[in-house]
Amino acid sequence: WPHGGNGTSKNFEKVAALLLEDGSGLERVSKLSVTGYLGDEGSSGMQALVDLISKAKILGDLELSFLQKMSAPILEGLPVGLQELTLTMMTLDEKTKDALVGFVSRSGGTLEKLSMSYCDIGDELLGKVVGAIVNARNPVLKHMSLLVAEISDAAPIVQLLQGSAPIQKLYLTGNEFNADAAREIAGALAECSTLEELNMSNNKMGKTGTDAIIAAATSSTSLTYVQLYKTGLSKAQIGKVEASLPAKPKFDIM
């Protein structure tokens with residue numbers, strides 16, 4: 001897979017040029033993973049990435065990391081059949097956010113995994129993305145990761161859990177959910193019969209919020225694994241919680 005080695009675009013551009021020259025080989029690429037700074041929108045490095053994506057007709061899995069700033073043309077050119085999209089460590093301007101929502105709207109019936117970690121997603125954008133997912137005719141999203149994504153509003157998460165998408169894995173580590181948000185999410189867990197894994201570590205939910213998630217997870221018929229590290233509990237509170245945990249699902253609390 002092409003790799004923007006050491007954060008420079010020149011290495012990537014050379015690899016991209018070779019792949020673009022051999023168009024028949026690129027047409028067989030189903031997964032593309034690019035890491036490193038390729039320049040700003042319109043730069044030769046970013047244009048090379050846009051060109052690669054447009055030629056990869058059967059692309060099903062795209063991973064982009066450390067681009068610093070996402071480019072709208074990349075998202076606008078993504079194939080409708082893309083099944084997995086991973087964005088890590090980058091910012092999104094308003095044009096790019098609109099392009100992301102547009103892509104999800106087009107791909108709700110094929111997108112199975114959406115990971116947006118260490119990106120400035122925020123509540124408003126997440127609300128639009130989740131709305132696009134649940135409003136798809138036959139949503140197939142099974143995995144959503146939102147690690148350190150600047151989210152505090154539980155409403156989009158509740159909407160996702162209550163919607164028709166068969167969500168199985170939901171990772172919400174390092175956001176800004178408080179006790180009230182945790183209680184809202186806990187309430188929605190009762191209405192989701194597909195979720196198997198939940199990670200709400202590094203959210204300052206406190207004892208009240210943590211207890212609410214544990215109670216909801218314990219009553220769930222589908223959850224098998226719940227992570228609740230660093231949710232604002234004292235050592236004494238952690239000890240009491242661990243002593244009262246049920247055997248199922250499996251909990252990791254620290």
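## Strand β2 against β3

Q68 stands opposite M90 of strand β3. This pairing belongs to a predicted model. Strand β2 covers residues 61-69 and is joined to β3 by seven bridges. The two strands run parallel.

## From β3 to β4

Strand β3 spans residues 84-91, and strand β4 spans residues 113-119. Six bridges link β3 and β4, again in the parallel sense.

## The whole sheet

Both pairings sit within an open sheet of nine strands. The strand order is β1-β2-β3-β4-β5-β6-β7-β8-β9, and the pairing is parallel. Strands β1 (31-35) and β9 (250-253) form the edges. Each edge strand pairs on one side only. On average, neighbouring strands of this sheet are turned by 5° against each other, with direction ignored.

Strands of a sheet pair through backbone hydrogen bonds, in either a parallel or an antiparallel way.

## Helix α9 across the sheet

Helix α9 is made of residues 206-219. It lies across three strands: β7 (197-199), β8 (225-228) and β9. Relative to β8, helix α9 runs at about 175°.

## Helices α1 and α3

Helix α1 (residues 10-21) packs against helix α3 (residues 44-55). Their axes are 10 Å apart, and the packing angle is about 30°. Angles under 35 degrees count as roughly parallel, so α1 and α3 are roughly parallel to each other. Their crossing is left-handed.

On the α1 side, the contact is made by F12, E13, A16, L19 and L20. Helix α3 contributes S44, G45, A48, L49, D51, L52 and K55. By type, the residues of this contact divide into seven nonpolar, two polar and three charged.

## A72 in helix α4

Where does A72 lie? Its place is in helix α4, which covers residues 72-76. Is A72 buried or exposed? A72 has 0% relative accessibility. Buried means under 20%, so A72 counts as buried.

Which residues is A72 in contact with, leaving aside its neighbours within four places in sequence? They are E41, K95, T96 and A99.

Technical notes. Residues numbered from 1 in each chain as written. Predicted model: local features only at pLDDT ≥ 70, side-chain atom pairs only at ≥ 80, totals over all residues. Heavy atoms only, no water. Helix = DSSP H or I, 4+ residues; strand = E, 2+ residues; numbered from the N terminus. Buried < 20%, exposed > 50% of the residue type's maximum accessible area, 1.4 Å probe, protein only. Contact = heavy atoms within 4.5 Å. Pairing = 2+ DSSP bridges. Axes fitted to C-alpha atoms, helices over the stretch in contact; angles between N-to-C directions. Parallel < 35°, antiparallel > 145°, perpendicular 65-115°, else oblique. Left-handed = near helix turned anticlockwise from the far one by under 90°. Nonpolar A, V, L, I, M, F, W, Y, C, P; charged D, E, K, R; others polar.
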